Amino acid sequence: MTLAPHKPLLHVLSGGKSDIIPIWLMRQAGRYLPEYRALRAAKGGFLELVNDHEAAAEVTLQPIARFGFDGAILFSDILIVPYALGQDLRFEAGEGPRLSPPLTDAVLSGLTAVPARLEPVYRTVEKVKAALPAETTFLGFAGSPWTVATYMVAGQGSRDQAEARQAAYADPGAFAEIIGAIEAMTVDYLSGQIEAGVEAVQLFDSWSGSLAPAQFESWVIAPTARIVAALKARHPHIPVIGFPKGAGAKLAAYARETGVDAIGLDETVDPAWADSVLPADLPVQGNLDPLALLAGGEALEKAVARILSSLAGRPHIFNLGHGIIKETPIAHVERLLELVRRSPSGRAA
Ligand code: CP3
């Protein structure tokens, strides 16, 4: 019998082998949970919830209390960085986020940074840290510069990130300044989270899949590598997870060139292929299709089995390939935990 590591998720992220497959889910603190919806309604809005550190700490802990995941992800949003860079941020029901002024209409130098807007998040981290179960790993996060820039430029979500892609071709110098400003704020923001108590961080690059290869090198790999290097200089022992969603065949270069300690796979990546092209000791996180979890039943059982067997030979953290869908039944999440923890290399039932 192998002794269970103190924090299984942190252990695997640090490259350790484990009989336990740790599990957490992207967007695990969110709208599929009735207790989240109740608290959000009571607070009146998403930003109100993020800025209220007591409530944000409670939301962070809700999925831990209910399911006992191995990781707790800080409750906040990737768009808090543009907010701290001086854009106004609104989340309106049914509309998605809005940042103003969009950088299609304004210049970066016209914004006045307000780093104090990050402070409530650090208070949330401290509060969660004090209440977190000893075996749970505390994850901080930020968006990657490219993904955050797509929102800053368009002022909102955009189907194919055309505004930001166009801005990057039209004036690479001005676009590099936007990326550089996000990068600097992100390093400070993640360092602040680490100093307040998170034990690992994830960089969400949700839109890395929309870039042509040379643009991917410039706007995904290079800024990510600089952020990882800056964080390593300040906090050498804190693992960094990179999640370049949609990167596909560019995953291997991303893994080689950015220096991330672990890599997240989205649901379109064949885990057996990823296993064959990624360095053998690199921890891999993923990559259940959120729609298989929504569907449940046999679809879920098969998809989970395939992922577990494909990644059995390397450090593996079970997760979805993207955020949990808000209609997902609680019972399906419970079943997923049973499947992962009962697997031959998973925790004994
Ligand atoms: O549980 C967690 O994972 C922690 C919290 C978290 C949120 N957003 C809370 C949230 C995290 C890690 C994010 C990341 C995020 N935010 C990303 C990257 C990951 C991804 O999904 O691609 C992106 C692109 C955003 C930007 C964002 N935030 C959008 C486009 C939206 C609106 C659409 C949507 O999916 O809801 C948000 C709002 C948001 N962020 C909600 C939550 C729980 C829903 C807000 C609400 O309660 O109405």
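Start your tour by selecting alanine 29 and the ligand: a backbone N or O atom of alanine 29 lies 2.9 Å from one of the ligand's oxygen atoms. Keep in mind as you go that this is a predicted model.

An N or O atom in the side chain of arginine 31 is 2.5 Å from an oxygen atom of the ligand. Now click on tyrosine 36, where a side-chain N or O atom is also 2.5 Å from a ligand oxygen atom. How much of the ligand's accessible area does the protein cover? On its own the ligand has 870 Å², and the protein covers 87% of that.

The structure holds 10 aromatic pairs. For one to look at, select phenylalanine 175 and tryptophan 219. Their ring centres are 4.9 Å apart and their planes meet at 85°, so this pair is edge-to-face, as angles over 60 degrees count that way. The pair links distant parts of the chain, with phenylalanine 175 in helix H9 (residues 172-196) and tryptophan 219 in helix H10 (residues 213-234), 44 residues apart. Are these two residues buried or exposed? Both phenylalanine 175 and tryptophan 219 are buried.

Finish with two charges over rings. Select arginine 117 and tyrosine 83: the charged end of arginine 117 sits over the tyrosine ring, 4.0 Å from its centre. Then select lysine 250, which lies over the face of phenylalanine 216 at 5.0 Å from the ring centre.

How values were computed. Residues numbered from 1 in each chain as written. Predicted model: local features only at pLDDT ≥ 70, side-chain atom pairs only at ≥ 80, totals over all residues. Heavy atoms only, no water. Phe/Tyr/Trp six-rings, centres within 6.5 Å; stacked < 30°, edge-to-face > 60°. Helix = DSSP H or I, 4+ residues; strand = E, 2+ residues; numbered from the N terminus. Buried < 20%, exposed > 50% of the residue type's maximum accessible area, 1.4 Å probe, protein only. Lys NZ or Arg CZ within 6 Å of the ring centre and 35° of its normal. Polar contact = N/O pair within 3.5 Å; in protein donor to acceptor, adjacent residues only side chain to side chain. Areas by Shrake-Rupley, 256 points an atom, 1.4 Å probe, with all protein chains shown as cover.
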